[in-house]
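Dear colleague,

Please find below the structure that I am handing over to you.

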Amino acid sequence: MGVFSMPSLGADMEAGTLVEWLVQPGDKVHRGDAVAVIETQKGAIEIEIFEEGTVYRLEAKLGEELPVGAPLAIILAEGETSPPDAEPERKPEAAPEHRPFAPDAPAEPTTPPPTTVPVSMGAPAASPAARVRARELGVDLASIKGSGPGGVIVLSDIDGTGTGAQSEPKLSPASSPMQEMRKAIAAAMTRSKQTIPHVYLSHTIDIQPAVDWLTARNEDRTPAERLLLGALFVRAVALAVKKVKVLNGHYSADGFHLSDTVNPGIAVALRGGGLVAPALMNAPAMTLDETMAGMRDLVTRARAGRLRSSEMTEGTLTISALGETGSEMMLGVIFPPQVALVGLGAPQTRPWIVDGTVVPRRVVTISVSADHRVADGRQIAHFITTFETLLQLPEEL
Amino acid sequence: MTETDFRAIFLEELTRVAPDIDSATVGDDDHIQDDLGLDSMDILNLVVALHERLGVNIPEAEYIEIATPGLAALYLARNSVAGA
């Protein structure tokens with residue numbers, strides 16, 4: 001028997017509101033199945049289960065706001081008929097261990113604070129996110145009255161939206177989903193800039209061969225089969241980082257963990273503001289057409305608010321492309337706990353020297369923001385050169 | 001179908017791609033990228049939707065001809081079988 005509990009979808013997440021069950025008691029579930037939809041600061045997310053078995057009972061009710069680690073459902077393993085104790089302990093369990101890249105898993109406790117908090121002469125009990133926010137705002141924790149279990153100070157107390165003893169059914173109902181998303185972005189980006197020593201390299205690359213190849217390839221295809229330049233960029237980044245592995249992984253309390261799997265997060269600008277970067281899982285294994293289809297699917301689901309929990313937590317580096325018109329370069333902020341962000345400016349037409357002659361060419365500027373604790377300039381330059389070489393032979397991508 | 005019908009279909013598919021746009025506020029000369037903020041993925045999705053609905057296969061080189069609702073209505077009327 002296992003307890004399926006509210007996962008952490010990022011270091012700044014404290015709770016989620018259950019909005020839909022995708023399974024019912026008696027349903028068989030498999031590793032990776034989406035079982036419920038929760039509303040978070042980053043929008044509605046489909047959460048996946050990481051065990052096999054049969055749903056025995058749903059523990060959480062729709063509309064309930066639940067802390068990370070709270071039990072959501074009881075799952076029976078293969079062969080089990082019913083749990084030995086009909087009344088399961090309401091003791092929250094840690095989030096599934098099978099997510100190797102849960103952000104800062106060792107550093108940030110995923111269980112909710114205990115209900116009884118020992119009186120301490122030191123700092124008041126506060127959640128990690130609340131501590132970070134208090135530090136950012138210069139707020140003294142001792143001056144705050146916590147509204148969490150046992151008086152623990154939670155993020156909303158710091159933001160002044162805490163309501164003391166009253167329990168609110170929704171996630172900070174005082175602010176709109178967009179304000180919530182801005183808060184999540186603010187927390188992640190502030191943390192990144194305060195803790196990650198960024199190093200930046202950039203390089204402008206002739207992409208005329210890729211543009212010409214793409215135009216010819218799209219010409220006799222129906223719209224649904226066409227490729228965007230962005231798919232070539234994502235494909236080239238995925239292949240280049242397979243060679244220069246040091247940019248791919250997570251940095252946690254005990255240092256850098258390189259990832260063998262490459263799951264590039266694709267930064268998707270949401271209309272009306274906001275940004276999410278869901279992961280394109282195992283991108284190097286895809287063909288170029290599959291990469292394009294995967295990106296279309298991610299963008300569509302990001303805008304519809306139907307991303308999966310693994311896509312929110314298992315990205316191993318981020319790609320942010322400015323699109324086909326606009327500014328030529330961006331130096332991005334790394335999305336923790338990742339260690340690199342690849343920025344691609346909008347392609348420009350520039351005078352370029354080809355075989356000793358100045359000619360107009362389409363060029364793009366790639367930038368890499370990397371965690372200098374992990375990577376050095378030479379390695380990043382090698383990554384950029386590999387990317388450039390791959391784009392010169394687009395037919396082989 | 002008339003040009004007005006094609007304009008309505010174009011706006012319907014446009015707002016399906018970008019649900020936050022209120023079609024009542026879109027002017028004939030609003031540029032779908034510069035004024036309405038569609039990106040290249042949105043435009044591809046719009047072109048796919050128009051292809052599926054009207055059978056009009058808009059080549060990449062002609063995307064410029066659907067840059068505003070006014071232009072798009074003319075273009076679709078000219079190129080659609082139903083518009084003939």
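In chain B, helix α1 (residues 3–17) and helix α3 (residues 69–79) have axes that come within 8 Å and cross at roughly 120 degrees. That angle makes α1(B) oblique to α3(B), and the crossing of the two is right-handed. On the side of α1(B), the contact is made by B:Glu3, B:Phe6, B:Arg7, B:Phe10 and B:Leu11, and on the side of α3(B) by B:Pro69, B:Ala72, B:Ala73, B:Leu74, B:Leu76 and B:Ala77. Sorted by class, this contact of α1(B) with α3(B) has 9 nonpolar, no polar and 2 charged residues.

The conventions are as follows. The model is predicted: local features need pLDDT of at least 70, side-chain atom pairs count only at pLDDT 80 or more, and totals for chains, interfaces and linings use all residues. Residues are numbered from 1 along each chain as its sequence is written, chains are lettered from A and ligands numbered from 1 in the order in which they are written, and side-chain values use heavy atoms, with hydrogens and water left out.

Helices (H or I, at least four residues) and strands (E, at least two) are DSSP runs, numbered from the N terminus. Axes are lines fitted to C-alpha atoms, for helices over the stretch in contact, and angles run from 0 to 180 degrees between N-to-C directions. Angles under 35 degrees count as roughly parallel, over 145 as roughly antiparallel, 65 to 115 as roughly perpendicular and the rest as oblique. A crossing is right-handed if the near helix is turned clockwise from the far one by less than a right angle, and left-handed if anticlockwise. Contact means heavy atoms within 4.5 Å. Ala, Val, Leu, Ile, Met, Phe, Trp, Tyr, Cys and Pro count as nonpolar, Asp, Glu, Lys and Arg as charged, and the others, Gly among them, as polar.

Helix α1(B) also packs against α2(B), at an angle of about 135 degrees and with the axes 9 Å apart. These two helices are therefore oblique to each other, and their crossing is right-handed. Residues of α1(B) in the contact include B:Phe6, B:Phe10 and B:Leu14, while those of α2(B) include B:Leu46, B:Ala49 and B:Leu50. By class, the contact of α1(B) with α2(B) has 9 nonpolar, 1 polar and 4 charged residues.

I turn next to the interface between the chains. The contact takes 21 residues from chain B and 17 residues from chain A. About 1500 Å² is buried between the two chains, and carbon and sulfur atoms give 51% of this area (buried area is the accessible area, with a 1.4 Å probe, that two parts lose on being put together, summed over both). B:Met41, B:Leu44 and B:Glu60 supply 36% of the area that chain B buries against chain A, more than any other three residues.

Helix α6 (residues 288–304) of chain A packs on helix α2 (residues 40–54) of chain B at an angle of about 100 degrees, with the axes 11 Å apart. The pair α6(A) and α2(B) is therefore roughly perpendicular. Here A:Met292, A:Met295, A:Arg296, A:Val299 and A:Arg303 meet B:Met41, B:Asp42, B:Leu44, B:Asn45 and B:Val48. The contact of α6(A) with α2(B) has 6 nonpolar, 1 polar and 3 charged residues by class.

Chain A also holds open sheets. One has 4 strands in the order β1-β8-β6-β3, with antiparallel pairing (two strands pair if DSSP finds at least two bridges between them). Its edge strands, each pairing on one side only, are β1 (2–5) and β3 (28–29). Strands β1(A) and β8 (residues 71–76) pair over 4 bridges, and A:Val3 has A:Ile74 as its bridge partner in β8(A). A:Ile74 also stands opposite A:Arg57, and 4 bridges join β6(A) to β8(A). Between β3(A) and β6 (residues 53–58) there are 2 bridges, with A:Val29 opposite A:Gly53.

Another open sheet has 5 strands in the order β7-β2-β4-β5-β15, with mixed pairing.

Two backbone features of chain A remain. The peptide bond from A:Pro336 to A:Pro337 is cis, with omega near 5 degrees, and A:Pro337 is found in the loop between β16 (317–321) and β17 (340–344). A:Asn282, although not a glycine, has a positive phi of about 50 degrees.

With kind regards
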